[in-house]
Amino acid sequence: MFSAADSNFMAQALRLAELGRFTTSPNPNVGAVLVKNDQIIGRGYHRQAGGPHAEVFALREAGSEARGATCYVTLEPCSHHGRTPPCAEALVVAGVSRVVVAMQDPNPKVAGRGTALLKAAGIQVDIGLMAAEARAVNPGFLSRMERNRPYVQLKLAASLDGRTALANGDSKWLTSAAARADVQHYRAQSCAILSTATTVMADNARLNLRAEQLQLNISQLDTGELRQPKRVILDRNDNLDHNLALFKEGGEVIVCVSKLENARVLPNIARQIHCPLNTQAQFDLALLLEHLALREQINMLWVEAGATLAGALLQLNLVDELIVYLAPKLLGNTAQPLAVLPQFSVLAQVPQLYWSDVRMVGPDVRLTARLS
């Protein structure tokens with residue numbers, strides 16, 4: 001069904017899609033190439049929510065040459081009127097003869113309607129080329145659409161013996177400046193950062209994106225702009241106050257409280273939301289993630305917190321990726337643990353991890369593991 005040339009052109013569309021990973025949220029990352037007589041005549045990728053989609057940029061570059069061309073696109077062309085017109089209609093008007101789609105869009109506003117519109121116009125549509133690779137480009141968007149929760153990345157920094165701080169809480173700086181700069185790349189690709197009031201107050205943490213630490217090719221961003229991720233802070237006991245650095249700079253702050261009545265007045269960049277408690281009088285984290293996906297349109301959630309929240313998320317199987325920066329240090333058995341987990345009696349009860357990446361970051365090692 002698909003030729004080697006088809007695979008080559010789709011691979012190029014996928015590389016274009018990746019260019020939008022810092023700027024497109026809450027939209028998906030999408031790339032497109034237009035091909036005629038085995039030559040690429042148009043390229044495009046979605047750069048920013050509210051701006052033109054990948055197919056539109058490719059059609060603009062191709063101009064009248066688009067008639068009779070083949071369009072390779074990493075996600076089904078949209079069929080609905082949002083902030084931009086439907087891409088499926090644009091392809092029909094341009095007169096393309098074939099559209100090769102990596103995967104169907106799970107967004108219920110699209111979900112097969114885009115390809116149906118193309119087929120109704122007499123355009124040949126082939127679906128499923130490099131679908132796994134296309135899914136890998138959009139883990140957050142797909143998680144929000146298919147599971148009603150963000151894709152959760154839990155970041156931890158530890159010593160070689162798995163400790164995060166000395167017994168007295170001293171942890172600054174456990175890992176290197178290179179590791180801290182590396183974290184900024186993850187923050188830049190995240191829609192929100194989740195932490196706790198305890199963590200914020202312990203370090204007077206800002207939890208914001210520091211663009212000066214990013215080593216990006218700014219020309220790749222084009223018209224897209226780096227965004228500050230939202231900061232989502234769990235504050236069950238209403239301890240946060242407006243003097244914290246958290247409220248001085250960065251993006252919006254969402255403070256999760258158990259009761260909205262009589263909650264502390266916070267600065268303008270912050271707002272409070274009610275998060276129900278579970279039977280253990282702790283925040284219901286599953287409900288919170290659902291709220292973040294459905295109400296806040298959070299695709300990628302980056303978690304930077306202590307052992308308690310880390311352990312709770314792991315126990316509830318709410319973590320998709322575990323990212324640990326290991327420093328070449330030994331803190332000893334009295335130091336603080338990586339995650340608070342229940343006591344296991346047999347190894348079969350222990351969460352199973354799957355390594356996906358291991359690499360040096362400065363003097364530290366970054367370990368990445370999937371949990372499913």
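Author: With a term: contact means heavy atoms within 4.5 Å. The model is predicted. In it, helix α2 (residues 54-62) lies across β1, β2 and β3 (70-73).

Reader: At about what angle does α2 run to β2?

Author: The angle is about 140°. Angles of this kind are taken between N-to-C directions and run from 0 to 180 degrees.

Reader: What is the order of the strands in the open sheet of five?

Author: The order is β2-β1-β3-β4-β5, and the pairing is mixed. Two strands, β2 (39-45) and β5 (124-127), have a single partner strand each and stand at the edges, so one side of each lacks a neighbour in the sheet. Direction ignored, neighbouring strands here are turned against each other by 15° on average.

Reader: In which sense do β1 and β2 pair?

Author: Strand β1 (residues 31-36) pairs with β2 in the antiparallel sense, over six bridges.

Reader: How should I read the side chains along a strand?

Author: In a regular strand, side chains alternate between the two faces of the sheet. For a case to examine, take V33, which lies in strand β1. With a relative accessible area of 1%, V33 counts as buried, because the cut-off is under 20%.

Reader: What does V33 touch, leaving out residues up to four places away in sequence?

Author: V33 touches F9, A13 and L16, then I40, G42 and R43, and also T70, C71 and Y72. V33 and V73 are 40 residues apart in sequence, while their C-alpha atoms are 6.7 Å apart in space.

Reader: Which residues of helix α11 are buried?

Author: In α11 (residues 307-315), the buried residues are A307, L309, A310, G311, L313 and L314. They pack against the strands β6 (151-159), β8 (192-196), β9 (230-234), β12 (300-304) and β14 (336-337), and against helix α10 (285-294). After α11 comes N317, with a positive phi near 60°.

Reader: Is strand β16 mostly covered or uncovered, and which strands pair with it?

Author: Strand β16 (residues 364-370) is mostly covered, with five of its seven residues buried. Strand β13 (residues 321-327) pairs with β16 in the antiparallel sense over six bridges, and E321 stands opposite R370. Strand β15 (residues 354-361) also pairs with β16 in the antiparallel sense, over seven bridges; there W355 stands opposite A369. The hairpin of β15 and β16 has two residues between the strands, and G362 in this hairpin takes a positive phi near 60°.

Reader: How many disulfides are there?

Author: A disulfide needs two cysteine sulfur atoms within 2.5 Å. The count is zero. C191 is in no disulfide, and the nearest cysteine sulfur, in C256, is 16 Å away. The sulfur of C275 is 5.5 Å from that of C256, its closest cysteine sulfur, which is too far for a bond.

Reader: What can be said of the chain as a whole?

Author: The chain has eleven helices and 16 strands. Its radius of gyration is 23 Å, close to the 21 Å that the globule rule gives for 372 residues, so the chain is as compact as a globular protein of that length. The C-alpha trace spans about 70 × 45 × 40 Å along its principal axes. Of the 372 residues, 51% are buried. Among contacts with a separation of 6 or more, 70% join residues 24 or more positions apart.

Methods:
Residues numbered from 1 in each chain as written. Predicted model: local features only at pLDDT ≥ 70, side-chain atom pairs only at ≥ 80, totals over all residues. Heavy atoms only, no water. Pairing = 2+ DSSP bridges. Helix = DSSP H or I, 4+ residues; strand = E, 2+ residues; numbered from the N terminus. Buried < 20%, exposed > 50% of the residue type's maximum accessible area, 1.4 Å probe, protein only. Rg over C-alpha atoms; globule rule 2.2 N^0.38 Å.
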